[in-house]
Amino acid sequence: MEKFTVLEGVAAPMKLVNVDTDMIIPKQYLKTIQRTGLGKGLFSEMRYLDDGAENPAFVLNQPAYRSSKILVAGDNFGCGSSREHAPWALLDFGIRCVISTSFADIFYNNCFKNGILPIVVSKDDLDKLFDDAERGANATLTIDLPAQEIRGPDGGVVKFEIDPFRKRCLVEGLDDIGLTLQKAPAIDQYEAAKGAEQPWL
């Protein structure tokens, strides 16, 4: 998993509330277990018109936000079914951080497991960040995970809380497999001891 320390990038505003995982990545994209290639389906029902052309009104189709790395979103982001394809699609598009006042629990956990930082802020702070994000190409935010700060284009700072273990995993780039591999010496020692005691295993 790619390490997450300091992220600087354009923030796209998405003021919709209750954006569920089916809106993030519709069901027709769930046939794959590959984590790559899903960016094209991200928000596809909002991004594309019925004829397949891009919807110019959708935020991620606007020139200023096509390369967004940060999404500033409305309340209860990621609700609905537990599909892990949702963070896969965000990551494949290039989004490494989502900021909201609240997230659905399963989506929130899946973000951490896939190298995306979900940040919970207060309503007042979210409103300030929406104002920053609506500046288009000038909507550059800096997400400093070690300092637990969001820095705006005018020098404003929003502090955020995060579980220390999850913070460590992101900073060190450790997913579940990486965490297990850190225990490899102890696992090898245990297996060697068990093999000596029970050679038929």
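Mentor: Helices (DSSP states H or I, at least four residues) and strands (state E, at least two residues) are DSSP runs numbered from the N terminus. By that rule, Asn18 lies in the loop between S1 and helix H1 (21-24). This is a predicted model, in which local features need pLDDT of at least 70 and side-chain atom pairs count only at pLDDT 80 or more, while totals for chains, interfaces and linings use all residues. Residues are numbered from 1 along each chain as its sequence is written, and side-chain values use heavy atoms, with hydrogens and water left out.

Trainee: Why does Asn18 count as partly exposed?

Mentor: Buried means under 20% relative accessible area and exposed means over 50%, with partly exposed in between (1.4 Å probe, protein chains only). Asn18 has 39% relative accessibility, so it counts as partly exposed. Its phi is positive, about 55°, although Asn18 is not a glycine.

Trainee: What makes Asn76 partly exposed?

Mentor: Its relative accessible area is 24%, so Asn76 is partly exposed. Asn76 lies in the loop between S2 and H3, and its phi is near 65°, a positive value in a residue other than glycine.

Trainee: How do you know that Cys97 is in no disulfide?

Mentor: A disulfide is a pair of cysteine sulfur atoms within 2.5 Å. A search of the whole structure finds 0 disulfides. For Cys97, the nearest cysteine sulfur is that of Cys111, 9.3 Å away. Cys97 has a relative accessible area of 0% and is therefore buried; Cys111, at 0%, is likewise buried.

Trainee: Why are H3 and H4 called oblique to each other?

Mentor: Axes are lines fitted to C-alpha atoms, for helices over the stretch in contact (heavy atoms within 4.5 Å). Angles run from 0 to 180 degrees between N-to-C directions. Under 35 degrees counts as roughly parallel, over 145 as roughly antiparallel, 65 to 115 as roughly perpendicular, and the rest as oblique. The axes of H3 (residues 85-93) and H4 (residues 105-113) cross at roughly 50° and come within 9 Å; H3 and H4 are therefore oblique to each other. The contact is made by Ala86, Pro87 and Leu90 of H3 and Phe107, Asn110 and Cys111 of H4.

Trainee: How do you know that S1 and S5 pair?

Mentor: Two strands pair if DSSP finds at least two bridges between them. S1 (residues 6-14) and S5 (residues 140-144) have 5 bridges, in the antiparallel sense.
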